Amino acid sequence: MSAFGEDLVQSLNEALAHARGEGPAMVHTPLTPREVRKQAKLTHAQMAP
């Protein structure tokens, strides 16, 4: 299975556990669009469309 598939299965298992009231909820801090653009190495013009 690909890394994406494994991550997807893990996230679904975590969501199911959370729905059942088991385990802590994972809280992720949101990224700003600028951070995403820099990580993707895109200019503002390339990201805008």
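Beginning at the N terminus, the elements of the protein follow the order α-α-α. The model is a predicted one, in which local features require pLDDT of at least 70 and side-chain atom pairs count only at pLDDT 80 or more, while totals for chains, interfaces and linings use all residues. Residues are numbered from 1 along each chain as its sequence is written, and side-chain values use heavy atoms, with hydrogens and water left out.

Display the whole chain. It holds 3 helices and 0 strands, where helices (H or I, at least four residues) and strands (E, at least two) are DSSP runs numbered from the N terminus. The C-alpha atoms fill a box of roughly 45 × 25 × 15 Å along the principal axes. Of the 49 residues, 4% are buried, that is, under 20% relative accessible area, with exposed meaning over 50% and partly exposed in between (1.4 Å probe, protein chains only).

Next, select arginine 37, which lies in helix α2 (residues 33–39). Arginine 37 is buried but has no salt bridge (a side-chain nitrogen of Lys or Arg within 4 Å of a carboxyl oxygen of Asp or Glu). Its nearest side chain of opposite charge, glutamate 35, is 11 Å away; Lys and Arg count as positive, Asp and Glu as negative, and His and the chain ends are not counted. Leaving aside residues up to four places away in sequence, arginine 37 touches Leu42, Thr43, His44 and Met47, contact being heavy atoms within 4.5 Å.

Then move to lysine 41, in the loop between α2 and α3 (44–47). Although lysine 41 is not a glycine, its phi is positive, about 55 degrees. Most residues other than glycine have a negative phi. Lysine 41 is exposed, with a relative accessible area of 74%.
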